[in-house]
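User: Can you walk me through this model? I'll ask as we go.

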Amino acid sequence: MTSYADIGVEKTGHVTTIEIQRPPLNYFDISLIDQIADALGEIDNDPEARAVVLAAQGKAFCAGANFGDPSRTPIDASEQSDPASGLGKIGHLYIEAVRIFRNKKPIVAAVHAAAIGGGLGLALAADFRVTCPEARFSANFTKLGFHPGFGLTVTLPELIGRNNAELMFYTSRRVTGEEAYAMGLANVLVPHDELRGAALKLAREIAECSPLGLLSTRATMRAGLAERVLAATHHELAEQTRLRATEDFREGVRASEERRLAHFKGR
């Protein structure tokens, strides 16, 4: 298995663990998404690997994209004129993220803490989520003056229903681990110190099944998902590009950094 800069990859039996190693908040960028997608590609090509655990170090599972980094926010002329093809840095990140949805083997996400924005999108790219009461799940895009990304407009309503997804999108609220479990956003709820073990237990249970039957069944169940995510991503990116140029987006980012309510003006 290849050695990666920002993730650790460890195989035990038929289960491979991918651990994000950018503590404390595990912000993602194109490089991190590429590393995860590349590792999943290697796992797909390993006949002895049957299931994956996606976990993270630090005090967040993944806090999404770091919009406070000024290198991420500028919009160039190509993005303004054709947001679907002039994707820019964030656009390229989300397009690359579709590679994760094309992997062939089941993924169990061990969400031990906050999965925010695109970090929630990453957690939902997995087949299952194991979490704990301390975890928080948030599609916080509207609090940033922004539009959801990472294919969440497809994955979140398919998982928890349209109305629950609308509630999360429109309020940007943080959903607790217990609430996530109750609404079907998480499949397993355990104490924090048992979380990694519970994720590995579920992955091992999956890995005990026929590998060919597992691949075939998963391909049927997720048929067309990557294509739906890709199509949604183009629309999400167009809206993100438009809104990234607004005063409200700049205010939303400042308010988030300063940990205060934003004063939006609708422009």
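Analyst: First a term: contact means heavy atoms within 4.5 Å. This is a predicted model, where local features need pLDDT of at least 70, side-chain atom pairs count only at pLDDT 80 or more, and totals for chains, interfaces and linings use all residues. Residues are numbered from 1 along each chain as its sequence is written, and side-chain values use heavy atoms, with hydrogens and water left out.

User: What is Asp 6 in contact with, leaving aside neighbours within four places in sequence?

Analyst: Glu 19, Ile 20, Gln 21, Arg 22, Ser 31, Leu 32 and Gln 35. Asp 6 lies in the segment before β1 (7–12); strands here are DSSP E runs of at least two residues, helices H or I runs of at least four, numbered from the N terminus.

User: Is Asp 6 buried or exposed?

Analyst: Buried, because its relative accessible area is 15%; buried means under 20%, exposed over 50%, partly exposed in between (1.4 Å probe, protein chains only).

User: New topic. What is the order of the strands in the open sheet?

Analyst: The order is β4-β6-β8-β9, with mixed pairing; two strands pair if DSSP finds at least two bridges between them. The edge strands, each pairing on one side only, are β4 (60–62) and β9 (175–176).

User: How many bridges link β4 and β6?

Analyst: Two, in the parallel sense, with β6 covering residues 114–116. Ala 60 has Ala 114 in β6 as its bridge partner.
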